[in-house]
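This briefing is for a reader who is meeting the structure for the first time. Please look over the sequence and the model before reading on.

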Amino acid sequence: MESKNPIKIAHYHLPGLFEFYELYKLFLPLWREHRSWFYDWCDIASIYGAPGDCLWGGGRAGFGEADADDVIALMNEYGISARLTFSNSLLNKNHLADKKCNELCKKFEEAEPAGGVIVHSDLLAGYLKKNYPKLYLVSSTTKVLTDFDDFKAELNRPEFEYVVPDFRLNKSFEQFSLLTQHQKDKVEFLCNECCNFGCIERKACYENVSRMNLGEEVLEHKCTALGGEGGYRFSLAMKNKGFIGVEDIQKIYLPMGFSNFKIEGRGLGSAIVLEFLLYYMTKAEHQLEVRESIYLDSMLDLF
């Protein structure tokens, strides 16, 4: 007999597929072998990222050095979807022939479970749907869709399996409550953004990264928003009006029918990404055990 109150599961989408491969090589065995250390109401749906020097890359300048075959093998072993972050917003038709990015798509298309691609460019989205139909597509938060009607229109596009809204829509509960369940299943909330809530430079910042990935000589974007000069601080992200914490997920978003939550952090270090894994997934009484298991492994340099 089917339960009238099925267990609601939060599906996490984690950062650093290529960038923090060594961290996940240590963390995922703990996740499997000591499942009681972690919350039973969440799982790992995907891990996303990109190698360094990817023309189609965006969001953050890629620095991942892990081998694609190793990355895919690790994800396959743990039944986790591997996602490529190809959210460059400035691509033209000539860029679509890039050998490295196409080879990565071929490899990820054969992953099990299915691989995905996070995209910004409609040009690239159309190219991927035609040439790599096994890959599912995720509409990137780099589109900075802060108007809810624009975001809803994006949700209704059939080519996207998931859509990541701008973090400033995170608390638009009245509007989110009116979505159909099909639409809710496609929403992937960005939980831990540290960017100033009133920032008006996000598009410019993302475009700057896109130009860097295209090999253009551009100056690094200097954030002028309040607090931007200090870089990422999880403690500050927790104070952000758009922050989604563990209690929010359990008491608000899951009961509302939402289940997908993205954790940012590709451009950060292994130590802070580990803190995300501890906060969002690990029971308080077992966090020290996870830290010790990771920190005491001499193969991983966390700092």
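What follows is a summary of the fold, its cores, its salt bridges and some of its helices.

The model is a predicted one. The chain has twelve helices and eight strands. Of its 303 residues, 53% count as buried. Among contacts between residues at least 6 apart in sequence, 77% join residues at least 24 apart.

- Eight strands form an open sheet with parallel pairing, in the order 6-5-4-3-2-1-8-7.
- Strand 6 (160-163) and strand 7 (188-190) stand at the edges; each has a single partner strand, so one side of each is left without a neighbour in the sheet.
- On average, neighbouring strands of this sheet are turned by 30 degrees against each other, direction ignored.
- Strand 7 and strand 8 (residues 260-262) run parallel and are joined by three bridges.
- Across this pairing, L190 stands opposite K262 in strand 8.

**Helix 1**

- Helix 1 (residues 21-33) lies across strand 1 (10-15) and strand 2 (42-49), and the helix runs at about 165 degrees to strand 2.
- P29 is one of the residues in helix 1.
- Not counting residues up to four places away in sequence, P29 touches Y24, H34 and Y78.
- P29 and Y78 are 49 residues apart in sequence, and their C-alpha atoms are 8.8 Å apart in space.

**Nonpolar cores**

- In soluble globular proteins, nonpolar side chains tend to be buried together.
- The largest nonpolar core here has 83 residues, and those that touch the most other members are Y12, F27, F86, F176, Y280 and M281.
- Another core, of seven residues, lies apart from it and has Y48, Y136, V138 and Y162 among its members.
- Leaving aside neighbours within four places in sequence, F86 is in contact with residues including C54, W56, C101, L104 and C105. Its contacts also include V117, I118, V119, H120 and L124.

**Salt bridges**

- The structure holds 13 salt bridges.
- One of these joins the side chains of R266 and E19, with N and O 3.1 Å apart. R266 is in the loop between strand 8 and helix 11 (270-281), while E19 is in the loop between strand 1 and helix 1, and the two are 247 residues apart. Both R266 and E19 are buried.
- R83 forms a salt bridge with E188, and the closest N and O atoms are 3.0 Å apart. Since R83 belongs to strand 3 (residues 81-86) and E188 to strand 7, the pair ties together parts that are 105 residues apart in sequence.
- R83 is buried, with a relative accessible area of 0%. E188 is also buried, with a relative accessible area of 0%.
- The side chains of E154 and K143 meet in a salt bridge of 2.4 Å, N to O. E154 lies in helix 5 (residues 148-155) and K143 in the loop between strand 5 (136-139) and helix 5, so this pair ties together parts that are eleven residues apart in sequence.
- E154 and K143 are both buried. Salt bridges that share partners join D122, K143, E154, R157 and E159 into one network.

**Helix 12**

- Q287, V290 and I294 are the buried residues of helix 12 (residues 287-295).
- Seen down the axis of helix 12, these buried residues fall within an arc of 65 degrees, so they line one face of the helix.
- An α-helix has 3.6 residues a turn, so residues three or four places apart point the same way.
- The buried residues of helix 12 pack against helix 1 and helix 11.

**Helix 10**

- V246 lies in helix 10 (residues 246-256).
- V246 has a relative accessibility of 9% and counts as buried, because the cut-off for buried is under 20%.
- Not counting residues up to four places away in sequence, V246 touches Y39, W41, Y279 and Y280.
- V246 and C191 are 55 residues apart in sequence and 9.5 Å apart in space, C-alpha to C-alpha.

Terms used: Residues numbered from 1 in each chain as written. Predicted model: local features only at pLDDT ≥ 70, side-chain atom pairs only at ≥ 80, totals over all residues. Heavy atoms only, no water. Pairing = 2+ DSSP bridges. Helix = DSSP H or I, 4+ residues; strand = E, 2+ residues; numbered from the N terminus. Axes fitted to C-alpha atoms, helices over the stretch in contact; angles between N-to-C directions. Contact = heavy atoms within 4.5 Å. Core = buried A, V, L, I, M, F, W, Y, C linked by side-chain atoms within 4.5 Å. Buried < 20%, exposed > 50% of the residue type's maximum accessible area, 1.4 Å probe, protein only. Salt bridge = Lys/Arg side-chain N within 4 Å of Asp/Glu carboxyl O. Arc of directions from axis to C-beta.
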